[in-house]
Amino acid sequence: MNKQLAWGVGLAALVALPFVYRDPYHLHILVLILIWSFAYTSWSMMGRFGLVSLGHGGFMGVGAYVTALLWNHLGVSPWIGIPAAMLCAGVLALIVAYPCFRFRITGHYFALVTLALSGIVLQIIIATRDYTGGSLGYTPERTKGSHIVALQFDDKVVWYLIALGIWAGGLAIWYWIDRSMSRYAMEAISEDEDAAAAAGVNVTAEKLRITVLSAVMTAMAGALYGQYQMFISPDTVSGIAVSLQMVFAAVVGGIYVALGPTVGAIITILLAEVLRIGFGTKAVGWDNLVYGVLLVLFIIFLPKGILGSLLAWLKSPSKHRDG
Amino acid sequence: QEKKIKIGVIYDLTGPLAGGGSELQYVGAKIMIDNFIKQGGVEGYKIEAIYADAQSKPDVAINEAVRLIEQEKVNLVLGFFSSAQCVPVAARVEQLKNFMWITTCISTAVVENKNLKYVFRPQASGQQFGLMAADMIEKNAKAKFGKEPKDMRVAIIHEDGSYGVDVAKGNEAGSKKAGFNIVLKEGYSATAPDLSSLVTKLKRARPDVIFHTGYNPDITLFARQAREQGLKFGALVGHGAGYGVYEKLKEGMGSDVNYVFNIDPISIWLANQSALDPKLPPVIKMVGEEFDKVKPGVAIRSAHVGMAASNSYVFFTEVLPRAIKKYGGVDPEALRKAALEVDLPEGGTMLGFGVKFAGEGSPIAGQNERSFPVIIQYVDDKSYVVWPKSQQQREPVLPLPKTSGFSNQ
Amino acid sequence: MLVVDGLVKRFGGFTAVNNVSFKVDQGEILGLIGPNGSGKSTIFNMLSGTFPPSAGSIRFAGTEIAGLPPHRIINSGIGRTFQIPRPFRRLSIFENVALAGYYGQGSHSRSKADEAAERALAMVGLPTDRTASVDGLGAAGLKKLELAKAIATGPKLLLADESLGGLDEAEMDQAAEMLRKIRTELGITIIWVEHIMGVLMRVVDRVMVLDHGEKISEGLPSAVSHDPRVIEVYLGTDAHATQATAAAAAAAGSDPARR
Amino acid sequence: MLELRSIDAGYGRFQALFGIDLDVKAGEAVGVIGPNGAGKTTLMRVISGLIRPTKGSISMQGTDVLTTPAHRIVSLGIAHVPENRRLFPRLSVEDNLRMGAFMPEARARYRERMDFVFDLFPRMKERRNQLAGTMSGGEQQMCAIGRALMSDPKLLLLDEPSAGLAPVVVQQVFELVKRIRAGGLTVLIVEQNVQQVLQVVDRAYLLEAGSIRASGASADLLADDSIRQAYLGV
Amino acid sequence: MMEIFDIYLLEALVNGILLGGVLALLALGLNLIFGVIDVTWICYAELVMIGMYGMYYLFSVYGLPYWVAAPICILLVAALGAALHFLVIEPLLGAPPINQLLATGGVLFVLQSFATVAFGIDFRNLGIRLPVLALGEMHFSYARLLAFVAALIGMVAVYLFMTRTYTGTAIRAIAQDRQIMALMGVDTKKIYLVTSALGGGLAGLAACLLVLQYDVHPFVGLSFGPITFLICVLGGLGNFVGGFVAAFLFAEIISLGGLFSDLEWGYVLAFAFFIVMMFIRPAGLLAKRS
Ligand SMILES: Nc1ncnc2c1ncn2[C@@H]1O[C@H](COP(=O)(O)OP(=O)(O)OP(=O)(O)O)[C@@H](O)[C@H]1O
Ligand SMILES: Nc1ncnc2c1ncn2[C@@H]1O[C@H](COP(=O)(O)OP(=O)(O)OP(=O)(O)O)[C@@H](O)[C@H]1O
Ligand SMILES: [Mg+2]
Ligand SMILES: [Mg+2]
């Protein structure tokens with residue numbers, strides 16, 4: 001009961017925030033954090049079960065580009081375009097993941113097949129530049145002012161609220177899975193596929209479900225990112241670098257706890273901003289150096305992620321012996 | 001209260017683009033800004049510059065631009081090397097109604113059909129680069145190659161980023177206009193580990209002229225593999241970026257660099273000083289001296305430095321004073337009106353060209369209509385302007401003489 | 001209820017199971033014995049769908065199941081345990097079994113799964129609280145957990161692979177008792193692989209013996225334990241054979257449940 | 001040969017062994033029996049250095065085992081056949097055996113030891129190129145024992161060697177233990193199969209809940225009623 | 001259509017083989033680390049990058065002859081490999097594999113920015129221009145022939161080392177059951193040290209040869225990193241011969257794909273080929289089918 005109350009109060013506070021505090025740059029960072037948190041949460045949906053995908057950059061790219069292409073070329077509203085993009089990402093996930101699971105491609109192999117997938121999506125976006133703008137990036141065509149059909153708003157507060165809603169939706173899905181039998185099945189599969197199958201679990205189907213869900217959510221994150229930034233480019237929403245960025249942030253935050261990916265997004269985005277601004281152009285390159293070193297240290301010393309390790313530490317009876 | 005103008009300056013100081021020329025641009029802009037700070041500002045306004053590193057990533061560029069505008073409350077953002085950054089940042093600046101002064105990003109797409117109101121680019125566009133290259137070859141075909149333009153075999157190769165694609169479009173348009181026989185047109189990734197099949201295709205296509213647009217590691221990789229595979233041709237025309245950094249080019253290509261062409265806004269140190277506004281040569285000298293302090297011992301001072309310096313200079317001498325005096329301040333609206341009124345004739349800038357921006361309603365609003373690049377040729381560790389005729393310092397050497405390893409003579 | 005005909009499994013060039021046919025009747029306990037590497041676990045793996053047979057047919061309750069994916073086979077009423085226990089360590093004991101209850105029966109109902117889990121756990125004598133961790137279980141506990149998982153899938157036929165390995169004598173007796181209870185109380189048919197003859201022979205109705213992937217003998221325990229071939233390749237000549245015979249004889253005489 | 005004095009050991013905060021004293025004399029075969037979870041495996045691990053005791057001392061032929069780095073303990077002549085075999089599943093049988101002869105001392109006699117093991121387990125010779133992980137349980141057990149014998153040990157630690165083996169093989173294993181003893185090797189063996197192990201060993205310790213409850217000659221233990229009842233199921 | 005089957009096709013074929021040599025050389029060390037001891041070094045290509053800088057400094061700045069600089073450079077990267085292991089991998093040996101992947105991913109970042117900070121953003125190059133082998137219309141680069149030969153010798157040497165020596169066998173065993181290695185008398189720390197140094201040394205070797213063909217800059221690793229991983233997997237993890245063959249297949253696809261269509265589609269093709277092969281032969285090109 002108390003926990004629910006805490007959640008309610010927290011969420012209300014978050015909703016109220018932009019009406020009290022409206023520094024635009026900080027709101028901008030917050031919106032980015034929320035959208036990326038949602039993307040990282042989506043990744044963790046499967047990552048937490050040992051399905052390490054390096055292909056989510058591809059799904060994100062599909063989400064962003066399909067939405068924008070439909071809008072610019074066919075005038076299809078993002079309200080239809082986003083579901084369509086999610087569908088595309090889901091189908092793509094299905095096409096790649098089904099044989100993977102069918103042929104028992106797991107672990108490193110799975111990670112690298114998906115890596116190749118994000119490589120392909122990236123290359124295709126670049127190579128079909130006549131439609132996608134190639135590496136120059138792509139801008140959804142603007143309508144004047146706030147336009148609900150175009151899902152374009154100049155007011156950051158609107159975006160903040162949208163991103164907040166989506167983010168909360170992501171968490172809700174997480175909790176829903178967490179309490180469903182699917183979680184047991186996925187935990188079992190991640191430990192021992194044969195044994196899970198012997199318990200009656202349809203291993204391929206369960207893995208596919210979670211993969212498609214994760215891909216579809218990621219595509220949605222990509223589409224939102226594109227609508228918010230009003231600009232997408234292969235570098236920012238697609239490819240291997242983006243995939244790695246997702247895995248990084250999610251793991252640094254902690255993939256086994258619901259808020260872990262969110263913490264990961266907060267830490268990585270803030271850290272990058274603070275370091276970049278802190279070092280500025282006085283010590284060029286040092287911000288990335290420090291950022292990298294910090295990430296490595298986080299992962300070595302907090303293997304369960306920042307939030308995961310923190311929670312474990314709070315729970316452990318003798319608080320001074322953290323493993 | 002003290003009068004002050006705050007300028008946000010954004011270039012790539014790290015990441016792949018930094019070495020591709022962005023850092024040199026940064027040096028050039030900084031020299032000029034420091035110069036005006038030293039002079040105590042402009043028209044009673046102190047100048048404060050806040051520098052930011054876009055790290056060769058568009059999202060970082062966007063974030064930094066937003067931060068500088070919204071957090072640091074700068075009056076304008078200046079700089080930008082990559083068109084992939086210019087496009088989204090320009091859109092943001094428009095949305096936030098701030099002011100943006102682009103010193104570099106040359107892609108036509110930055111301004112074309114964007115109806116930009118607050119974004120200005122004194123720089124020539126990528127397509128102009130491409131057109132210029134075709135123009136020189138067309139005019140020299142008969143005399144130097146002994147062929148009609150329609151018999152000229154040209155190949156267009158380019159890195160597949162925004163920059164290469166844009167210039168290649170210009171190459172193609174120019175070639176079509178001149179009636180060349182385009183035997184190959186192909187893009188490749190600047191990070192490709194191998195270009196040998198491209199070279200093989202070129203060998204098969206036997207072009208007289210190769211139009212090439214690339215950054216740096218790919219240019220040297222191409223040149224190295226071309227030499228190793230015995231590619232022969234009559235001329236190699238590069239288009240800025242990597243081709244503008246002679247030091248690196250020479251390091252990678254060795255003696256093969258001789259007679260290579262490069263298209264860029266003219267290097268301010270090569271400009272025909274007698275044709276320039278008389279107040280400019282001392283500024284050019286100052287920039288050169290400052291540059292030598294930053295990077296001592298460079299054989300040919302990079303054109304990148306002068307480009308950023310000159311384009312910044314235009315802002316400080318033409319836009320800013322007018323905005324303050326005539327429109328009463330440094331708000332974006334004042335800057336915008338001032339920029340639209342700039343009217344410099346040819347010879348009015350250190351880069352030789354004049355400045356007049358296309359205004360609202362034009363399909364290229366914000367673009368300097370009087371800018372043009374020039375073609376230089378590297379000959380024995382020196383560079384000479386060889387095209388257009390008006391700026392020519394010597395006749396282009398065409399086709400490659402037999403002494404060159406690439407010569408098809 | 002189970003009819004296996006001409007079952008073959010090859011790994012590369014090696015034939016692990018070679019043309020094996022047998023039947024299992026409703027309600028019986030069939031002992032499956034044979035030297036190490038004779039193909040017992042391989043047969044289990046094919047029956048439970050872990051991998052498809054190279055040739056042959058498996059008919060269960062009238063339908064052909066050879067080559068079906070494992071979850072379909074489990075849902076159709078075959079449950080199995082693994083020779084080396086394979087618990088899901090990130091789930092609690094209860095969750096391990098509830099998982100099997102949920103997916104194994106194909107009903108996908110939460111309450112039914114919980115019910116099945118409680119019943120199965122009570123049956124094998126493991127704690128039924130929801131949070132007890134697998135890590136606290138010793139070898140015997142893990143074997144019980146394997147059984148509980150298999151039972152929770154609501155099988156009509158249970159494949160039990162070496163349920164006694166690593167148990168001490170007292171625990172073995174308990175386990176044997178448990179198998180008997182599973183048969184009588186739940187009416188589950190069982191195929192049991194085991195190397196401990198003293199216990200196995202006491203419980204099973206019928207024994208089938210494999211060697212080098214081929215069936216070499218089949219029949220009542222008392223008969224099989226006298227088969228010279230079986231003694232030679234499997235039982236050895238001394239104490240075991242006698243022990244097995246004794247156990248078989250004792251069981252035949254004392255157990256009223258046997259027909 | 002081997003002396004354990006008041007050994008305490010455990011996993012993290014969990015203590016599994018309490019003040020164990022144990023002796024094995026050269027040429028002896030000694031058994032350790034006890035219920036599941038009594039700490040038998042832990043005891044073996046402590047001796048071979050896989051886990052370090054929190055208290056106590058161990059010496060092997062006068063050398064302090066506890067100050068010897070784990071990977072040098074084999075060189076003292078202690079070979080451990082771990083519970084559940086623990087083969088290298090993706091190495092061939094032959095490579096597994098090679099790993100058993102990794103120490104420089106053993107490498108010199110590699111061929112000879114290999115022949116010895118192949119004589120003992122002809123099945124291993126037949127399957128020398130098969131990946132260990134694909135073999136049946138019994139085959140794997142043979143391979144594990146073979147691997148330990150490759151190092152030409154003085155003291156062999158066997159943790160439940162008969163688990164999962166066919167009766168013939170179980171007999172063979174116990175035969176083998178007898179033969180190994182006859183060849184002068186000292187054996188410390190943990191078994192659930194109390195009946196049989198007591199027939200091979202000279203003495204045995206009864207371990208319960210981490211402490212030694214009883215010890216004595218096999219014959220005496222076999223005769224002890226309470227033990228018969230608890231562990232022999234009779 | 002026939003005109004495509006000309007001398008240039010042959011040249012592209014041979015160039016594919018030579019590029020294959022380069023990729024095979026890169027994949028060699030990674031296969032040892034990633035394929036055999038099952039440790040992920042996402043930053044492998046960045047080790048090569050550091051090695052290339054090492055060569056640049058030793059050769060161009062300190063003026064050592066190439067043949068002196070090369071061994072020093074190999075030792076240097078070997079030491080770096082060992083350091084990477086002890087600082088980053090060792091503490092994570094017990095953690096989930098993804099943590100290793102990420103920690104070394106972090107190192108990738110660190111090495112790139114370190115190079116930016118320490119060596120600057122300029123492109124560097126040794127300025128050595130090896131002669132060219134000309135066979136009529138076809139020309140081949142000695143630098144690539146050299147890399148090809150080195151890859152071949154390296155592959156055979158590593159293969160023999162892995163299968164014929166005790167240390168090699170221990171290296172193959174260590175990923176499968178680390179805990180009981182001590183029972184075999186194996187000092188696991190030492191084995192990891194040897195392997196990491198060897199993997200690093202092979203990266204160093206690759207660096208010495210690559211620096212003859214490529215400019216070095218902090219991001220040069222990006223050109224090779226992902227492709228090298230794909231090759232290791234395509235060949236079958238830990239399968240050196242398979243890795244070798246895979247490198248050539250990949251290179252031919254890039255080379256011929258580039259000849260028949262656009263260069264940029266060559267990569268799409270190569271990636272797609274990888275995915276399809278994963279489904280057809282999940283355990284690697286040369287794996288025995290079950
Ligand atoms: N790795 C471990 N971590 C934590 N506890 C452990 C570990 N291994 C064993 N234990 C615990 O230590 C105790 C003794 O275990 P041990 O394996 O030594 O018993 P055992 O006598 O060999 O039992 P068994 O007959 O089942 O093999 C048990 O309670 C067990 O749960
Ligand atoms: N995946 C595989 N690849 C190759 N051979 C295999 C594979 N699985 C099993 N085998 C071989 O098939 C034979 C039968 O193995 P199986 O596990 O069925 O024996 P088992 O009768 O269960 O023996 P145990 O009583 O020792 O458990 C063995 O020789 C084994 O090595
Ligand atoms: Mg078996
Ligand atoms: Mg034990």
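**Entry 1**

The bond joining B:Leu398 to B:Pro399 is a cis peptide bond, with omega about -20°. I then found a cis bond from B:Trp387 to B:Pro388, its omega near 0°. B:Pro388 lies in the segment after strand E12 (382–387) of chain B.

A note on what I am looking at: this is a predicted model, where local features need pLDDT of at least 70 and side-chain atom pairs count only at pLDDT 80 or more, while totals for chains, interfaces and linings use all residues. Residues are numbered from 1 along each chain as its sequence is written, chains are lettered from A and ligands numbered from 1 in the order in which they are written, and side-chain values use heavy atoms, leaving out hydrogens and water.

Next I looked up phi. Most residues other than glycine have a negative phi. D:Glu160 is not a glycine, yet its phi is positive, about 50°. I placed D:Glu160 in the loop between strand E7 (155–159) and helix H7 (167–182) of chain D. Is D:Glu160 buried or exposed? It is buried, at a relative accessible area of 8% (buried means under 20%, exposed over 50%, partly exposed in between, with a 1.4 Å probe and protein chains only).

**Entry 2: the magnesium ion**

Which residues coordinate the magnesium ion (ligand 4)? I found D:Thr41 (OG1) and D:Glu83 (OE), at 1.9 to 2.2 Å. D:Thr41 belongs to helix H1 (residues 40–48) and D:Glu83 to the loop between strand E6 (78–81) and helix H2 (93–100) of chain D, so the pair ties together parts 42 residues apart in sequence. D:Thr41 is buried at 15% relative accessible area, whereas D:Glu83 is partly exposed at 27%.

**Entry 3: where chains A and B meet**

I counted 30 residues from chain A and 29 residues from chain B in the contact (heavy atoms within 4.5 Å). Together the two chains bury about 2600 Å², 54% of it on carbon and sulfur atoms; buried area is the accessible area (1.4 Å probe) that two parts lose on being put together, summed over both. On the chain A side, A:Leu136, A:Arg276 and A:Thr281 lose the most area to chain B, together 24% of what that side buries.

I also found three salt bridges across this interface (a side-chain nitrogen of Lys or Arg within 4 Å of a carboxyl oxygen of Asp or Glu). B:Asp160 forms a salt bridge with A:Arg129, their closest N and O atoms being 4.0 Å apart.

Terms used
Donors are N, O and S atoms within 2.8 Å of the metal (3.2 Å for Na, K and Ca); water is not among the atoms, so sites may look incomplete. Helices (H or I, at least four residues) and strands (E, at least two) are DSSP runs, numbered from the N terminus.
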